[in-house]
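Let's take a walk through this structure together. Have a look at it first, and then we'll go through it piece by piece.

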Amino acid sequence: MSLKYPEKVFARMIRIVNGEEIFLFRKETQIQFGSSSKVLGAAIMTNPGSFSFKNSKEWNDFQKGNTVYSVFEAYDRPDLTMQNLIEVIREAHKRVGLNEPNGIVQIYNLSSIVESNKENVEHKHQKALQLLGKSSYYETHLLKEKFLTNEYEFVKVCNEFNFVIMGFVDKVFASKVSALTTWKENPSVCEKVVYARDNNGRLSHPRRWRTEGHLMEIAIEGLVEVLKSKVNLKLKGYTFLRWNGKYGREAKFVVKDNEHNLQSIFIPGRIQDLVWTSADLANVPELKEWSSFNNETVDNLDAVAF
């Protein structure tokens, strides 16, 4: 039986024990779509909540402080918030006519402190900040992402992504959320930021999108508009969708004519053999097994040598 959410989530947890208190910090979190290592976009939220490594035997001992090591990293299944992000990203790609997303979506938070109760987040964040301030081993960047602390860094990092999804828990880190809400209007990034504003004018947290379906629809439509602009930029040229894994004269590719949305089997040096079709060759069973070519695009197939 296939999983509804086969996407895997990677994260790194850092543990600090302070007397009887245990602080967990989640860093470098990413949702893996397909097999490509290409970074597609990012999501910026409040703090790590319910995600855990349920399928890792050592996880329970680690979070209780019963291991000699203090760093834990693994892949696991997406939690509810991540599932909602996956739904939005998948559906937006579908509506724009793109293939299934294939790559990484990175997740960032205003605080990396792990806490599922929103009433405790800011208090625990401050306690962790004080603890890190006294530490000669850890630094405060363990708790905060540098690019979320000033507009210049925010714009610089966001420009690396095709899209940036934003949503926050109500009444938590209000001043930080207010700053980010302002920074997202910067002309350099405003056309790639995706959010679902609720009836109170707040950027709703993705956790709400399951129970408040109209917010998920707003987020989907927002991402559709962002992806449309990316598609329009790539209307010219040809995109390599699949590769048979061979070289020289035996190399074959599934390529797409971006302008006419047609596909063909392409053999380098034999452009005269191209036969274009509206069929989705990249997902034909016998060709779907070919390797992904990371959607590499070229302007002219005549110049391709492999």
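Before we start, a word on naming: helices (H or I, at least four residues) and strands (E, at least two) are DSSP runs, numbered from the N terminus. What you see is a predicted model, where local features need pLDDT of at least 70 and side-chain atom pairs count only at pLDDT 80 or more, while totals for chains, interfaces and linings use all residues. Residues are numbered from 1 along each chain as its sequence is written, and side-chain values use heavy atoms, with hydrogens and water left out.

Let's begin with open space. Rolling a probe the size of a water molecule over the atoms shows where empty space is left. Here the search runs on a 1 Å grid over the protein atoms alone: a cavity is a set of points where a 1.4 Å probe fits but cannot get out, a pocket is an open set with protein on both sides within 12 Å along at least five of seven lines, and lining residues have an atom within 4 Å of a point. Grid points are joined across faces, edges and corners, and a volume is the space filled by probe spheres set on the points.

The largest pocket holds about 1,100 Å³ of space. Of the 34 residues that line this pocket, His93, Leu98, Asn99, Glu100 and Asn295 are the closest to its centre. Helix H2 (80-96), helix H6 (213-233) and strand E8 (238-243) each give at least two residues to the lining. Sorted by class, that lining has 11 nonpolar, 15 polar and 8 charged residues; Ala, Val, Leu, Ile, Met, Phe, Trp, Tyr, Cys and Pro count as nonpolar, Asp, Glu, Lys and Arg as charged, and the others, Gly among them, as polar.

Next comes the second largest pocket, at about 470 Å³. Its lining has 22 residues, and Gly49, Thr81, Val169, His205 and Arg207 lie nearest its centre. H2, E5 and H3 are the elements giving two or more residues to this lining, and the largest share, 3 residues, comes from H2.

Among the residues lining the largest cavity are Lys27, Glu28, Tyr108 and Glu145. Strand E2 (21-33) and strand E5 (103-109) are the elements that give two or more residues to this lining, with E2 supplying the largest share, 4 residues. The lining divides into 2 nonpolar, 3 polar and 4 charged residues.

Two of those lining residues also pair up. Glu145 and Lys27 form a salt bridge, with their closest N and O atoms 3.4 Å apart; a salt bridge is a side-chain nitrogen of Lys or Arg within 4 Å of a carboxyl oxygen of Asp or Glu. This pair links distant parts of the chain, as Glu145 is in the loop between helix H3 (118-134) and H4 while Lys27 is in strand E2, 118 residues apart. Glu145 is buried at 19% relative accessible area, and Lys27 is buried at 11% (buried is under 20%, exposed over 50%, partly exposed in between, with a 1.4 Å probe and protein chains only).

Most residues other than glycine have a negative phi. Lys171, in the loop between E6 and H5, also has a positive phi, about 65°. At 72% relative accessibility, Lys171 is exposed.

A search of the whole structure finds 19 salt bridges. In one of them, Glu73 meets Arg12 with the closest N and O atoms 2.4 Å apart. Glu73 lies in strand E4 (residues 71-76) and Arg12 in strand E1 (residues 8-18), so the pair ties together parts that are 61 residues apart in sequence. Asp198 and Arg202 form another, at 3.4 Å from N to O. Salt bridges with shared partners join Asp170, Asp198, Arg202, Arg208 and Glu212 into one network.

Finally, turn to helix H5 (residues 174-183), whose buried residues are Val177, Leu180 and Trp183. Seen down the axis of H5, these fall within an arc of 125°, so they line one face of the helix; the arc is that of the directions from the helix axis to the C-beta atoms. On the other side of H5, Ala174, Ser175 and Thr182 are exposed. The buried residues of H5 pack against strand E3 (39-45), helix H4 (151-158) and strand E6 (163-166), where contact means heavy atoms within 4.5 Å.
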